[in-house]
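Visitor: I'm new to this one. Could you walk me through how to read it, feature by feature?
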Amino acid sequence: MPEIRIPQVQLQPELSTPDGQGLAVEAPHEVSAVREFLLSRGNSAIADRGFSWLMLLCALSIFVIVAMIATELVVNSQLSWHKFGLRFFYQAFTDPDTGLKMYWDPVNARFSALPFIYGTLVSSFLALLISVPLAVGLAIFLTEMCPRALRSPLAFLTELLAAIPSVIYGLWAVFVLVPILREHVNPLLIHGLGWTGFFNDNNPTGLGYLSAGVILAIMILPIISSLTREVMTAVPHSQREAVLALGATRWEMIRMGVLRNARIGIVGAIILGLGRALGETMAVAMVIGATPEIHRSLLANGSSMATVIANEYAEAVGDMHLSALTEIGLALFVVTIIVNALAQLLMWVVTRGTPSQTH
Amino acid sequence: MSVETTKFRSRVRTLTDGAVTGLSILATLLVVAPLIAIFTYLIYKGASSLNLAFFTQIPKPVGESGGGMANAILGSGILLGIASVIGVPIGIGGGIYLAEFGRGTKLANAVRFTADVLNGVPSIVMGLAAYALIVNPQKHFSALSGGVALAIMMIPTVCRTTEEMLLMVPHVVREAALGLGVPNWRSVLSITVKTASPGIITGCMLAFARVAGETAPLIFTALGNQFWSVSLNQPIAALPLQIYVYALSPYDDWHRLAWAGSLVLIILIVAAVSLVRFVTSRGVLKGAS
Amino acid sequence: MGVGIEVTNLNAWYGTNHSLQDINLNMPGNHATALIGPSGCGKSTFVRCLNRMHETNPIARVTGSVRIGDLDIYNDCKPVEVRRRVGMVFQRPNPFPTMSIYDNVAAGLKLNGYNNRRELDEIVERSLKNSALWDEVKDDLKKKSGASLSGGQQQRLCIARALAVDPEVLLMDEPASALDPVSTSKIEDLIFQLKSQYTIVIVTHNMQQAARVAEKTGFFLNGRMVEFDSTHKIFTNPSDKRTEDYITGRFG
């Protein structure tokens with residue numbers, strides 16, 4: 001039988017004096033008072049349950065808000081919904097005086113949302129066209145190329161861009177951007193790209209789809225850029241190193257090692273930016289021209305869904321007018337919810353389990 | 001592959017790399033430029049109009065020069081006060097639920113998703129809802145409806161930031177409180193929330209700053225007012241709303257005021273954003289290991 | 001005065017993981033009982049069942065009975081009440097970061113509504129003296145935050161905090177494992193002295209520590225309690241071969 005070797009342990013607990021505190025533990029005098037007090041406190045079951053219910057109610061308020069918005073919008077748009085049905089979104093009327101096509105006739109209570117849908121889409125996509133390359137370029141610069149010292153101030157500047165209120169963007173656009181476009185940029189566009197039919201010289205004000213698209217681009221750029229940055233930094237370094245080890249240039253490393261892995265998230269960021277552009281109100285209202293017409297030229301006056309609501313709601317002419325405006329608001333609500341939900345789902349997919357997790 | 005082809009491809013790859021670097025830098029400059037342009041123009045146009053009168057007087061009738069936006073500043077304060085009183089407690093409560101009671105449950109996930117989606121809904125829609133809810137039945141515009149519209153915007157934002165800050169409190173802190181026999185509600189409020197309070201406050205500040213600049217939901221709820229008003233049941237002026245109206249007017253004087261008002265608004269917002277950045281970069285939970 | 005702990009047929013689950021199986025033992029009052037065993041054997045889970053902290057995990061489940069003194073802690077009262085009678089000191093010191101030293105020690109009382117300032121002062125002083133921290137912090141009670149102390153001091157602060165509510169039992173889950181040797185020996189001395197007032201259950205990886213401070217020792221393995229006896233017997237002549245293997249370092 002093998003020898004049992006027990007390691008030498010001190011079996012007699014040592015009685016040492018810890019730093020002169022004295023051996024005896026001070027006998028507490030009012031021990032029983034404290035214990036009695038605590039015993040009398042009860043189990044707080046009611047307070048706990050009440051508290052958790054209260055917090056739950058606060059959380060449920062989110063659902064209440066959505067339900068309330070949806071309900072109010074649906075209820076208040078019943079008039080025009082019953083009168084026009086789905087045609088509301090694409091019909092056109094004729095102006096009795098001029099014989100031309102018209103869409104928005106508050107006087108005769110004839111309404112079509114088509115020019116506003118058109119304007120919203122045109123200005124938003126124009127904004128995406130301009131801002132996505134810039135935003136992604138900025139994100140690439142900040143994550144892969146930027147010297148460390150510059151990174152924080154530049155990120156802070158981007159955050160500031162996102163924080164500027166829409167009305168200030170609009171103010172600046174009206175007094176600075178639009179004149180610049182009108183005097184310097186539009187003539188060039190007409191001259192060089194007039195043949196496409198997108199740039200005709202029929203707008204002396206400088207307002208229109210292009211101005212709206214440019215200011216929108218500036219406004220959604222920070223969102224797309226910071227989300228893209230987030231997604232790009234989430235790509236593990238091992239992916240970058242693997243590509244570099246194959247002898248790739250920096251751009252190739254970015255393209256294959258980072259962007260490829262991050263592309264779902266970048267798409268999500270772009271969709272989120274689109275969602276913001278679709279609903280943007282003040283700046284667009286100030287520079288798009290607020291004319292309920294459809295034009296091919298990007299330099300022409302137009303309108304957007306949010307613009308017409310902002311401009312006409314407070315002084316609507318009659319119940320049908322209000323109802324039509326509310327219906328446009330409902331359409332805006334539904335569209336932005338769908339777009340944002342899609343973007344959130346994409347971002348959620350990216351942050352949960354991604355293909356870039358392989359090492 | 002021949003040596004020449006390899007050399008050529010190598011040259012192309014290097015050039016592409018350089019081109020992309022250049023484009024990225026260009027993109028960065030193109031982004032930074034409007035920001036600097038906006039700020040410098042704001043300061044240039046707005047600073048000269050900022051005087052004591054701006055902060056103490058209401059607008060003068062058209063044609064008279066001078067006057068200020070004092071009523072709009074006060075009005076914004078009142079509207080934000082209403083919005084905060086309604087929105088902050090509910091938002092924080094929702095955040096507490098998400099972090100402390102509902103963690104991992106399907107309900108909490110649904111709430112979180114909905115809050116994020118709600119954050120992306122255009123603010124003018126909130127105005128429409130507040131109009132239908134309050135202005136329509138009351139048959140008049142009011143500060144209350146404007147405040148409610150803003151509150152609806154604050155709730156999802158405050159809820160999410162509160163949740164995020166609470167999740168950062170280390171679990172051992174909660175355990176220590178529970179282990180002492182502290183009731184759960186007291187532990188959540190006096191320990192967890194208190195530990196996360198710097199972060200929660202900055203979250204509220206962010207929501208506050210965001211909502212302070214909102215115009216769209218106020219256009220047909222608070223409506224705006226050319227005179228002093230503190231009544232909750234009447235239209236009230238608001239700084240961004242006034243800027244909007246003045247910007248679109250044909251009067252130079254009012255343009256001047258619009259620039260000054262914008263400068264005040266942007267300074268407030270920049271201060272809030274900078275403060276938030278400062279607090280979060282220093283470490284929200286200093287001392288918690 | 002400390003009370004005895006009687007555990008009968010205790011089983012505990014984390015979801016489907018049966019982490020404790022049929023635990024039966026009696027821990028005597030005013031003694032220190034050490035629980036030893038390799039990582040993951042269930043000693044921490046067991047200790048957390050003694051103050052109903054185990055059930056703070058939503059997928060946790062417990063069956064069986066635990067009597068502390070004359071109280072059946074699972075059937076006679078709610079978790080909050082149990083925890084006021086059974087104090088706990090955790091593996092890593094966790095003082096409340098936003099509170100001063102004074103407020104940390106008084107937390108268990110203040111947060112339960114105890115407001116008498118003069119008595120609180122006395123209780124705080126007594127608790128800090130009993131945890132051998134008083135001399136080091138008596139000048140900074142309200143000025144310094146709990147988190148600004150060293151690791152060993154923080155742990156003694158946590159002990160003071162647990163003592164302030166005057167529990168009958170003190171549970172210590174590897175209280176010195178995150179500390180340096182000097183702090184460790186201070187804490188061991190503390191435990192030895194606290195025995196006279198409280199019943200102590202201490203989980204430890206360190207067999208020397210168990211031998212130094214505890215009269216009884218229990219050896220856990222894979223969720224079962226293999227052997228529970230006087231410390232002397234466990235370390236000199238264990239009955240079970242598995243205990244002997246663990247003691248002699250063949251595994252764990």
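Visitor: How many residues of chain B are in contact with chain A?

Guide: Contact has a simple cut-off here: two residues are in contact if their C-beta atoms, placed from the backbone, lie within 7 Å. By that rule, 71 residues of chain B are in contact with 70 residues of chain A. Keep in mind that this is a predicted model, where local features need pLDDT of at least 70, side-chain atom pairs count only at pLDDT 80 or more, and totals for chains, interfaces and linings use all residues. Residues are numbered from 1 along each chain as its sequence is written, while chains are lettered from A and ligands numbered from 1 in the order in which they are written.

Visitor: Which element gives the largest share of the side of chain B that touches chain A?

Guide: Helices (H or I, at least four residues) and strands (E, at least two) are DSSP runs, numbered from the N terminus. The largest share here, 18 residues, comes from H1(B). Among the other elements giving two or more residues are helix H3 (70-101) and helix H10 (252-281) of chain B.

Visitor: What is chain B built from?

Guide: Ten helices and zero strands. Chain B has a radius of gyration of 25 Å, whereas a compact globule of 289 residues would be near 19 Å. That radius is taken over C-alpha atoms, and the globule rule is 2.2 Å times the number of residues to the power 0.38. The C-alpha atoms of chain B fill a box of roughly 80 × 70 × 35 Å along the principal axes. Buried residues make up 54% of chain B; a residue is buried if 20 or more other C-beta atoms, placed from the backbone, lie within 10 Å of its own, exposed if 12 or fewer, and partly exposed in between.

Visitor: And how many helices and strands does chain C have?

Guide: Chain C has ten helices and ten strands. Its radius of gyration is 18 Å, close to the 18 Å that the globule rule gives for 252 residues, so chain C is as compact as a globular protein of that length. Buried residues make up 57% of chain C.

Visitor: In what order do the six strands of the open sheet in chain C run?

Guide: Strands of a sheet pair through backbone hydrogen bonds, either parallel or antiparallel. Two strands count as paired if DSSP finds at least two bridges between them. In chain C the order is S6-S7-S8-S3-S9-S10, with mixed pairing. Strand S6 (86-89) and strand S10 (224-230) of chain C are the edges, each pairing on one side only. S9(C), residues 216-221, pairs with S10(C) in the antiparallel sense over six bridges, and C:Phe219 stands opposite C:Glu227 in S10(C).

Visitor: Back in chain A, at what angle do H8(A) and H9(A) cross?

Guide: Axes are lines fitted to C-alpha atoms, for helices over the stretch in contact, and angles run from 0 to 180 degrees between N-to-C directions. Helix H8 (residues 237-245) and helix H9 (residues 250-279) of chain A cross at roughly 145°, their axes coming within 9 Å. Residues that meet there include A:Val243 and A:Leu244 in H8(A) and A:Met253 and A:Met256 in H9(A). This contact divides into six nonpolar, three polar and two charged residues.

Key: Nonpolar A, V, L, I, M, F, W, Y, C, P; charged D, E, K, R; others polar.
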